[in-house]
Amino acid sequence: MAEVTLTGVVPTGLFIDNKFIPASANSTINIENPLTCSNLATVSAAQNEDIDRAVQSSTLAFSSWKRESPSFRRALLLKLADLIERDASIIASLEAIDAGILYRDSMGMNIPQALENLKYFAGWADKVDGLTLTIPGGMAYTRREPIGVCAAIIPWNAPLMITIWKLAPALAAGNTIIIKTPEMCPLYGQKLGQLIAEAGIPPGVVNIVCGLGGVAGAALSAHTSIRKISFTGSPGVGRQILATSARTNLKRVTLELGGKGASIVFDDADWENALFWTTMGITVNNGQVCIAGSRIYVQDTIYDKFIQEFSKRVSEAVHGDPLIAETTKGPVINRAQRDKILSYIDLGKSSGAKLIAGGEPFPSDGHFVANTAFADVSDDARIMKEEVFGPLACIAPFIAEEEVVRRANDTAFGLSAAVFTNDLNRAYRVAEAMEAGQVTVNNWGAVHANTPFGGVKESGFGRDMGKEALDEWTSVKTVKWHILGST
Ligand code: NAI
Ligand code: MG
């Protein structure tokens, strides 16, 4: 196949001060299409000096952005939403060819989610309020002030949506932000830079840099003029960022580090609904989803019937080009991720679990992995414990509510859980007992701009979305007035 390159279609430079500029020493990264394994584009890769330049730009921009009226900030966020909506098909195409994300998933889920967040936080811009408090001899009030120059380090699994989860509240609260796009699929970010300039967001308020995690990401983490980092990605990198903050300027850090989501199906659950969501929960975006429902516990009374139907449904996937409407499953992000998933499939095979779907390498040049499911997976199997970030379901039977809650909570992670039952008392009890940042009842994976999202335990801390996200992007100052002559 002739090599298709996007160079010239999206800008390839670093987006700093609303201009695209080359990285120092003209450093670049080659960007791969995971379907064809061909080179799509060559994009500038930020080095230490470029991060310094981005921070200088963001620092200068902050001095005026923090004084802008809330209505100005709101109008710009709404304008950006309009432009993303206008160019949604271009962004969805870029995510498809660069990250293997289905075009229809970007158009139907991820981009609408991003738009909702822009509009939701635009609405907050003039509501970042404090409290008035009474103290002996006077009064006090609190101000929720912007933190300053912030950074967001973005993963590759839903890059535009996660970028907006961070950018929208950061800007609404009056911060400036440097976005480090994922080196495996930065093209959406190159397009976003164009739209930010077109929206009239002042230069330096949003700088977007592509770069290697160990170079650009590490430089952002260590930079002493950056006051906060919001990170979504792997637990190992999250720990490094936290340690770097501790070693440097104690910048605020929020971490969303994925999970090992439990989906619990009781025998009184709506059968079709439970099957739909549990199947979706581990196959959508190839299971490369932080809230993937990768551990499925099914009550023993319906277990055999469930695994039969589950294996049939996950095996029906249509593999192919993520741009094409008929495709239900694109490639995973890259070869390393494919190999990681295949190695977990091997671990599953040797763990004594029963393979009920997939499990064989997929015959294709692209980075495809067939949907795979194991039944009878033991609680201590590595595939049951570790995040795979692939289309690999672990299914196990349970007998009683208390037992399944204990087993579902027996994990280092705590991002999400789902419970399927028609018994409302049980739904309430289980939702309360789950150690997770989000529990869905008779549903899986729902995220909404107005509901906070984040983890407990080793899934990290801090929240995206909801009004809780605004707290993450503001500092509280208390002002105390001593009133002379007051009693
Ligand atoms: P990663 O954590 O390395 O990548 C996420 C982001 O962190 C990227 O922008 C990357 O450039 C950056 N990064 C990498 N090293 C860095 C460093 N030393 N300092 C600062 N930033 C750095 O994740 P990776 O390697 O792409 O995926 C590996 C595994 O991580 C996946 O298999 C999955 O288990 C997990 N993951 C979880 C995600 C989530 O949504 N929670 C998203 C992506 C990956
Ligand atoms: Mg790519």
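Predicted model: local features only at pLDDT ≥ 70, side-chain atom pairs only at ≥ 80, totals over all residues.
**Notebook: the surroundings of ligand 1**

I started with the backbone: a polar backbone atom of Ile154 sits 2.7 Å from an oxygen atom of ligand 1.

Next I looked up side chains. Trp156 puts a polar side-chain atom 2.5 Å from an oxygen atom of ligand 1. For Gln337 I got 3.0 Å, again from a polar side-chain atom to a ligand 1 oxygen. Then I checked cover: on its own ligand 1 would expose 810 Å², and the protein buries 88% of that.

Where does ligand 1 sit? I found ligand 1 in the largest pocket.

Then I went through the shell. I have 28 residues around ligand 1, and the ones that come nearest are Ile154, Trp156, Glu183, Ser234 and Lys340. Sorted by class, the shell holds 13 nonpolar, 10 polar and 5 charged residues.

Which element gives the most to this shell? My notes say H7, with 4 residues. Helix H7 spans 213-222, and strand S10 (228-232), helix H8 (235-247) and helix H11 (335-350) are also on my list of elements that each supply at least two shell residues.

Last, I looked up domains. Domain 1 (14-258 + 459-477) and domain 2 (262-441) each contribute at least three residues to the shell around ligand 1.

Notes:
Residues numbered from 1 in each chain as written. Chains lettered and ligands numbered in written order. Heavy atoms only, no water. Near = heavy atom within 4 Å. Polar contact = N/O pair within 3.5 Å; in protein donor to acceptor, adjacent residues only side chain to side chain. Areas by Shrake-Rupley, 256 points an atom, 1.4 Å probe, with all protein chains shown as cover. 1 Å grid on protein atoms, 1.4 Å probe; cavity = no way out; pocket = protein on both sides within 12 Å on 5 of 7 lines; lining within 4 Å. Sits in = over half its atoms within 2 Å of the grid points. Nonpolar A, V, L, I, M, F, W, Y, C, P; charged D, E, K, R; others polar. Domains from an automatic or database assignment.
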